[in-house]
Amino acid sequence: MYVIAYDVGTTGVKCCLFSLSMETGIEFIAGELVDYDLYVLENGGVEQDPQQWWRAMCDTTNQLLHKAGVAKEAIKGISFCAQMQAVVLVDQEGQPVRNAMSYMDNRGKKQMEQGLQRGFKIMGMNARKLLRSIMISGAVSASVKDPLWKYKWVQDEEPEIFSKVHKWLDVKDYLVCRATGNFIMSRDSAFATLLYDTRKGKEGFSRELCSMMDVNMEHLPQICECRDQVGTITGQAAVELGLAKGTPVFSGGGDASLIGVGAGAVETGATHIYMGTSGWVSTVVEKQRLDIGSMIASIVGADPNRFNCFAELETAGKCLEWARDHIGLDELGLFKEKKFAYEDLESKHKNLYGYIMDKISQIPAGSNGVLFTPWLHGNRCPFEDPDARGLFFNLGIETTASDMIHAVIEGVCLHLKWQLRAMEKQTKTSQTIRFAGGGALAPLTCQILADVLGRRIETVKNPQNAGAVGSAALMALGLKVIESIDEIKTLISVDHVYEPQPANTAVYENLFQIFRSLYKTNRKNFGMLNRRSL
């Protein structure tokens, strides 16, 4: 049977067609990609237009069915994997009352100070609120970028708009609403508000936390599981999408929940690393763990019986994209030697990056002494600082663009190593790590990651589509093709393996000590240069 999974990222949506069967498992057939805007505002705001997400979803669906030659009646279900911790406020008709506030939005400093940083404190936070939050949800809204402070910012700064709010949704849940007319939120999205009670027998939005943080519980939607069918496509949505009215719609989940599933890292103790626009390190655990000092929490995922110990990097692949656009690409001969004219955007991006990787492949470990810090839009883990920024350290007159771009990849990997080390204070991580996201397409990046971590790295086919594969895998559960999440691992095979090279690992271990010192040395200067008035 055929299903469609939408991978809704920070900068674009990819519509993926899969076939599901007991014999062949999850087979990727074709995909279509459309980009949309990301608005970075001067006051720390980062926004997107939800209508652009929907139009991109409609455009890619129509294009995909036309090119694949598949009848709309053959599609037995649609689902989603999406960016998380956005705030999408909608009215009673499901229409956005303002632009969505991205997970990167950090305007809520004043709201966080008023809501969490006054009174008797522990670790800089109100002691009562901190302890009750940890007791109830196993986490706390300790980052200015957490959804609660975005919600409160709209409440304080845009009261007329706030008065029109009917429901608070996340990205995927808004698209589910557009497709079905139903206001619903998957459990992982609900947990990501950090207003969710994870205690056994009490699961659901916490009335105590909502009262403590002055959140209107009527704004919170019904909760479902990621695998659940949550409705069918309405007549109007069917016309716009080019799908059959009544097609089942499954909830799906957030990228932090489903990319590990799509990479086959589903068993307890399995660690995966993701490198897309953002990045993270995640390990499947049986019980919740919390390290406030390092900003690492165990989050609710697609498996209702397990958690994902999670450490987030705000800008990962985004750093390489920035380097591609701003660091001496003419010196690499990118535009002199080749003309990149491809039919689709994904092929263009893939080949541009492939060309860059080829040009920098001879740069030695350590990038001839250049270090880069990947904090282009602040950082969450293992330290929380929205004012932190990227650095190139130790540039010399002989430094080349190739050195700098190579250092960008190493800097992202060094930060992931920092997160992995911090995570190991809470739980055991696996010696073999699954690597997913667009970064896993490049053998050079995979080898650098293996060398930096000193771990074996495994990739799967189409690692850039791991989130969509995870979504399709959950539809396989919902459609009874398979019976349990643990079966998913048998459907997803390893495509490439990268072993660490000891000589390079030794180089990176020495650089790692310097890399970690760069934040401590420059923390005050970041604040002086970037701090915005409250």
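1. Cys 319 counts as buried, at 0% relative accessibility. Buried means under 20% relative accessible area, exposed means over 50%, and partly exposed lies in between (1.4 Å probe, protein chains only). Cys 319 belongs to helix α11 (residues 317–326), where Leu 320, Ala 323 and Arg 324 are buried too. Seen down the axis of α11, the buried residues fall within an arc of 140°, so they line one face of the helix. The arc is that of the directions from the helix axis to the C-beta atoms.

2. A word on the basis. This is a predicted model, in which local features need pLDDT of at least 70 and side-chain atom pairs count only at pLDDT 80 or more, while totals for chains, interfaces and linings use all residues. Residues are numbered from 1 along each chain as its sequence is written, and side-chain values use heavy atoms, with hydrogens and water left out. Helices (H or I, at least four residues) and strands (E, at least two) are DSSP runs, numbered from the N terminus.

3. How many disulfides does a search of the whole structure find? It finds zero. A disulfide is a pair of cysteine sulfur atoms within 2.5 Å. Cys 319 is in no disulfide: the nearest cysteine sulfur, in Cys 413, is 11 Å away. For Cys 16, the closest cysteine sulfur is that of Cys 15, at 6.8 Å, too far for a bond. Cys 16 is buried, with a relative accessible area of 0%.

4. Now the sheet. Eight strands form an open sheet with mixed pairing, in the order β21-β22-β23-β20-β19-β26-β27-β28. Two strands pair if DSSP finds at least two bridges between them. The edge strands, β21 (290–291) and β28 (494–498), each pair on one side only. Helix α15 (residues 443–453) packs on the sheet and touches β19 (271–275), β26 (432–436), β27 (456–460) and β28. Contact means heavy atoms within 4.5 Å. The direction of α15 makes about 150° with that of β27. Axes are lines fitted to C-alpha atoms, for helices over the stretch in contact, and angles run from 0 to 180 degrees between N-to-C directions.

5. β21 and β22 pair in the antiparallel sense over two bridges, with Leu 290 partnered by Ala 297 in β22. These two strands form a hairpin with four residues between them, and Met 295 in the turn has a positive phi of about 60°. β22 and β23 also form a hairpin, with six residues between them, and pair antiparallel over four bridges. Here Ala 297 has Phe 310 in β23 as its bridge partner. Five of the five residues of β22 (residues 296–300) are buried, so the strand is largely enclosed by the rest of the structure. Seven bridges then join β23 (residues 307–313) to the antiparallel β20 (residues 279–285), where Thr 283 stands opposite Cys 309.

6. Last, the aromatic rings. Rings of Phe, Tyr and Trp (its six-membered ring) pair if their centres lie within 6.5 Å; planes under 30 degrees apart count as stacked, over 60 as edge-to-face and the rest as tilted. The count comes to 17 aromatic pairs. Among them, Tyr 6 and Phe 80 are stacked, at 5.5 Å centre to centre with 25° between the planes. This pair links distant parts of the chain, 74 residues apart: Tyr 6 is in strand β1 (residues 2–8) and Phe 80 in strand β6 (residues 75–82). Tyr 6 is buried at 0% relative accessibility, and Phe 80 is buried at 0% as well.
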